[in-house]
Amino acid sequence: MQLTSLGLVRGIIGYFVGLVVGMAVVMISRLALGMSAWDQEAGWVGGIIFATIGFMLAVGSMTDWLKWTRGVETPFHHGPPVGKPAWTRYFSVDYNHKVIGIQYGVTGFLLLLIGGSFALVFRAELADSGISFLQPGTYNTFLSMHAWVALASILLGVGGMANYLVPLMIGAEDMAFPRLNAFAYWINVPAIITLMISMLFGWDSGWTAYPPLSLRGPVGYQMVFWAIFSIGLSSILGSLNLIVTMLTMRPKGMTLFRMPIFCWAILATSIIQLTATQLIGLAFLMLSFERTLGMPFFNPLYNALGENIGGQPLLFQHLFWFYSHPAVYVFVLPGLGIISELLPVFARKPLFGYRWIALSSLAIALVGFLVWGHHMFTSGYGEYLRVVFMISTLLVAVPTGVKFFSWLGTLWGGRLTFPTPMLFTLGAISVFLIGGLSGPILATAATDLFLHDSYFVVGHFHATIFGGFVFPFFAAIYYWYPKITGRMYNEMLGKIHFWLMTPGFWVMSLAQMTAGTMGMRRRIADYDPALGVEPVHMLITIAGFVIAFSILLMIYNLFTSAEVGALAGNNPWRSRSPEWQIPSPVPEHSYAQPIAVVGEPYDYGLAGSTYVAMAGAGDD
Amino acid sequence: MTAITTGVHAVAAHHEAHDDYAVQLRRNRLGLWLFFISEAFLFGGLLATRFYLWGDTRPELDQAIGLIVTSVLLLSSVSMRLAETAMEKGNRQLFSIFILLTAFLGLVFLGGVVIFEWGLIPALYQGHLTPWGDKYGAVVFAMTGMHALHVVSGIVFIFIVWNLARKGHFSPQRHWGVESCAIYWHYVDVVWIFFYPALYLIGNAVHLSH
Amino acid sequence: MSKQGYGLVILIGIILAVLTVIEYYMGLWHFGAALLMLVAALKAILVVYFFMHVSRLWKTEEEH
């Protein structure tokens, strides 16, 4: 087998060819305009744009569309590529949503590992005061990269769960637009390469990339801007696809309020991703153009009369947070959906308040559009805005509270069992509670003025993201692992993973908040030992390494169990969801016959209730 | 007997293909409109930028040019709708004429933006704004630039559709390619409907000293 | 299946042109941003309804 028959390899070659071509185009244009040939800002921007296009062409994600423009029909090819080993389909363009879901999920997991290792590097530096091995500039790069790589990993992880599960859960053959689905996955890959290249040059503002700092720093910023732009494009196209899939491809009898609750979470998430993502794309595009062409959007510029004829730095913060706050709900809503999905299965009880949960996801998403200003309490914008944004932010607690009470109501009086997915679900609730309770403290302008940019924010954020994404993501991996591979994971290793990671995280999160209240700033490479935070930092670092070690156990577990795990059978969890009524691993065409929904999804433990009727199996 | 069964099967198969097209058409339409909603936030962000930075002021732009390019784009939208109507009625010749007219008007609009608003060819028209000069230049170039990018893609789309129609790819019943191209073009016009007053009409014209 | 004729398209085009001229003079006479955006919204609704036939999204019996 030729190495270049793998789409990924061709794509990477295409990327670097495109990079060279793009830079050459910029240099020739500059010469034609009578300027010096090389300008690193313009050169890299041109290079990255061409490299991304080069990757997408070479990987083959646009081949069918290009044929359509010439009027050539392109029928679907189902199954692994002809004449190649089955695994190769995961490294090439494939239109099956299950393959794309795995591609998303695995890429997301890899990025989680990379982003996590960046954190370990600078955590080691912070373990004691004084500069040990990371110079401040490098420290800043690691810190900033940790953020964006981890955020990208979350977006990809969410995409993985959504792409794999939503069509299965609604009994659809595939997504509404399979080619668009593949495109939306693959555009992440050149973006990740671009993001990694940025490390060669460095960038030092933290993930928020506020101007004017981001307008003055090294050229690494340009790569960040364009990488995030591509990842944002992926979010937009992916969510568009999911919304159409959920609105038009449900089976007979599945009204919106009979969809699995995870689909509601994805619907709410997709609404945010479809719309708000444009604003961060625009904001980063404007930063890139201000750096490249000097268009003054954000940097003030004064004329001889002392008037500001240039831009305003605060404009960036508005545009940025209009996406980046709702984005937090993109990160957590799918995870909260997983919690609601798994609890009834392991409590053998109906989901408490299904409709309220479904609507609370939508409510969180919609209120989320009105709260961005709480990130700017200290920015110097109009003081009356603080009150407005404080009230709207505190409103988010209402639908979130609905979810918590529903989870409690579901657990209450249930016949609970505690396999690893259930443990991670409960761990997620405990961690998300820490994150949730520290939220109002930051949402209240009066307290935020003191805690802004402190380690308290770091603690709050990581608790919400671990509770809202990482723990439920791991729960989902353990839960659907038998459906994906056909084999069970090792329960003992899974439990060890949980009992290392969860207390580790509690310690880390609470210690971060403590450090913040003691006066530790958020993004600095060194601190004054007189603050008394040194032991706290040591604790955080140790807890961080414990979490990292537990995740290594998980990887070992997932790899070995795929070979030696016990055969799982169709439905090891006795779930009512349609994807558990078909063989594991799921066949190429998931459902041999269209399914029909005849009852409520979560009536666990109610005698004689049925959710789905599988065609052909209804007689016995 | 055999002939009848085959006939029934053929009808069933035909119905299936017919349904498949209708189902996919519904999805395509919904998908395209969701894309428009998404893009509305991009253009909305640009409008927000304009109001945030300019407030109640605007640069001195040539009003004649603004009115002319706006009218040209409006005309192109009318002509695009006429092209689609011609396709619906099965009049291929009229379709070709109108869709090419649309592309021509689109190119005229583009020329108006590039030559007159931007002053990119000083031999023809001396523009007084530069993207790097001040906030007026920056926002004018950002808004018209992002819009022009969509016009260019729309014109490419038109030529693809025109070429496919020439080869006989569409029918009065089935022409999603034409429909999507048409409503995309109208969408680009809708964006300009909001950009035109924001750039040319709202606020007091100021002349800044540098 | 109702098909809009060429006449209706021209008529909407004329209405849009008239609105554009009104808009232009409103701009000259310094009407506020809100009023101008209102006229723009009216124009946009006409285009969305008649040119982009948005109602086909929820009318399924038609085929194109």
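Two residues are in contact here if their C-beta atoms, placed from the backbone, lie within 7 Å. Helices (H or I, at least four residues) and strands (E, at least two) are DSSP runs, numbered from the N terminus. By class, the contact of α5(B) with α1(C) has 4 nonpolar, 1 polar and 1 charged residues; Ala, Val, Leu, Ile, Met, Phe, Trp, Tyr, Cys and Pro count as nonpolar, Asp, Glu, Lys and Arg as charged, and the others, Gly among them, as polar.

Before going on, a word on what you are looking at. This is a predicted model, in which local features need pLDDT of at least 70 and side-chain atom pairs count only at pLDDT 80 or more, while totals for chains, interfaces and linings use all residues. Residues are numbered from 1 along each chain as its sequence is written, and chains are lettered from A and ligands numbered from 1 in the order in which they are written.

Back to our pair of helices. The axes of α5 (residues 176-201) of chain B and α1 (residues 6-28) of chain C come within 10 Å and cross at roughly 25°. That makes α5(B) roughly parallel to α1(C), a label for angles under 35 degrees.

Chain C itself has 2 helices and 0 strands. Of its 64 residues, 20% count as buried, meaning that 20 or more other C-beta atoms lie within 10 Å of the residue's own, with C-beta atoms placed from the backbone. No contact joins chain C and chain A, and their closest C-alpha atoms lie 12 Å apart.

Which chains share the most contacts? Of the 2 pairs of chains in contact, that is A and B. Their contact takes 32 residues from chain A and 29 residues from chain B. On the side of chain B that touches chain A, α1 (2-54) and α4 (135-166) each supply at least two residues, and α1(B) gives the most, with 15 residues. By class, this side of chain B has 17 nonpolar, 7 polar and 5 charged residues.

Finally, follow helix α19 (residues 534-564) of chain A, which has 31 residues and reaches 45 Å from its first C-alpha to its last. That is close to the expected 45 Å, a span worked out as 1.5 Å times one less than the number of residues. Its buried residues include A:Val536, A:Ile540, A:Ile547 and A:Leu558. The buried residues of α19(A) pack against α4 (97-126), α17 (455-485) and α18 (491-517) of chain A.

Terms used. Buried ≥ 20, exposed ≤ 12 C-beta atoms within 10 Å, placed from the backbone. Axes fitted to C-alpha atoms, helices over the stretch in contact; angles between N-to-C directions. Parallel < 35°, antiparallel > 145°, perpendicular 65-115°, else oblique.
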